[in-house]
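User: Got a structure to go through with you. Can we take it piece by piece?

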Amino acid sequence: GNTRGSYPPEESTKKQGGKREAGDIRRTFKALEKKMKVSNRASNLDKEAEDKVHQAQILQRKTEKLKAASHSGFAVTGIAVDGINKTLITVGADAKLILWNFKTHAPHNKCPIMLPAPATRLCHVRD
C-alpha cells in the first residue's frame, strides 16, 4: 500500500491502456472523419444541387426586391443621409421613399414606402 499521508499518483501520469474518456475531442474527430469517408457521394451531389438551387432563389428574390425599390424611369428628387451614416434616404417623382443600407447597398426590408403624391424635394433636419 501507500505510506501514510501519500496520495495515489494522478490519472494523467498513468497510461490509460485503451480507456476512453468522455468528451475526448480526438475520438469525436475520428468518428466524424470515418463518417465522411463512408458517406454516400450521390447524396453529397444531391445536397450540392439543392444548395445551388437555393442560392439561385435567394439571388432572384434580392434582384426582384431591388427592382421594386429602385426609382427606375423616374427622377430622384431628394437625397439625405442619417446622422450616423448608416442609411441613405431617397425620394423620387415616382412617389417612393426608399431607405438604403450603406454597407449592403440594398434597400431596407420594408421599402419602398409609397407616398400619397410624388415628392418634389426632401428636407432632412439633423438634431
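Analyst: Here is a walk through the fold, the sheet, a few side chains and the surface.

User: Where does the model come from, and what elements does the protein have?

Analyst: This is a predicted model. The protein has 2 helices and 4 strands. From the N terminus on, the elements run α-α-β-β-β-β.

User: How do the strands line up in the sheet?

Analyst: The 4 strands form an open sheet in the order β1-β2-β3-β4. The pairing is antiparallel.

User: Which strands stand at the edges?

Analyst: β1 (76-81) and β4 (113-114). Each has a single partner strand, so one side of each is left without a neighbour in the sheet.

User: How many bridges join β2 to β3?

Analyst: 5 bridges, with the strands running antiparallel. One of the bridge pairs is Ile89 with Leu99, the latter in β3.

User: And β3 with β4, how many there?

Analyst: Strand β3 (residues 96-101) pairs with β4 over 2 bridges, again in the antiparallel sense. Lys96 has Met114 of β4 as its bridge partner. Leu97 is bridged to Ile113, also in β4.

User: What about the turn between β2 and β3, which residue has a positive phi?

Analyst: Ala95, with phi near 65°. That hairpin has 3 residues between its strands.

User: Switching to side chains. Where is His71, and is it buried or exposed?

Analyst: His71 sits in the loop between α2 and β1. It is buried, because its relative accessible area is 12%, under the 20% cut-off.

User: What does its side chain make a polar contact with?

Analyst: The side chain of Asp94, at 3.1 Å.

User: Which other residues does His71 touch?

Analyst: Setting aside neighbours within four places in sequence, His71 contacts Val76, Thr90, Val91, Gly92, Asp94, Lys96 and Ile98. Lys96 came up above as the bridge partner of Met114.

User: Salt bridges next. How many?

Analyst: The count comes to 1 salt bridge. Asp51 pairs with Lys47, and their closest N and O atoms are 3.5 Å apart. That falls within the 4 Å limit used for a salt bridge.

User: Where do those two sit relative to each other in helix α2?

Analyst: They are 4 residues apart in helix α2 (residues 41-69), which means about one helical turn separates Asp51 and Lys47.

User: How exposed are they?

Analyst: Asp51 is partly exposed at 37% relative accessible area. Lys47 is partly exposed too, at 45%.

User: What share of the residues counts as buried?

Analyst: 15% of the 127 residues. His71 is a buried residue.

User: One more loop. Where is Asn85, and how far is it from Lys103?

Analyst: Asn85 is in the loop between β1 and β2 (87-92). Its C-alpha atom is 10.0 Å from that of Lys103, and the two are 18 residues apart along the chain. Asn85 counts as partly exposed, at 47% relative accessibility.

User: Last thing. How much of the contact count is from residues 24 or more positions apart?

Analyst: They account for 36% of the contacts with a separation of 6 or more.

Terms used: Residues are numbered from 1 along each chain as its sequence is written. This is a predicted model: local features need pLDDT of at least 70, side-chain atom pairs count only at pLDDT 80 or more; totals for chains, interfaces and linings use all residues. Side-chain values use heavy atoms; hydrogens and water are left out. A salt bridge is a side-chain nitrogen of Lys or Arg within 4 Å of a carboxyl oxygen of Asp or Glu. Buried means under 20% relative accessible area, exposed over 50%, partly exposed in between (1.4 Å probe, protein chains only). Two strands pair if DSSP finds at least two bridges between them. A polar contact is a pair of N or O atoms within 3.5 Å; within protein, one must be able to donate a hydrogen and the other to accept it, and residues adjacent in sequence count only if both atoms are side-chain atoms. Contact means heavy atoms within 4.5 Å.
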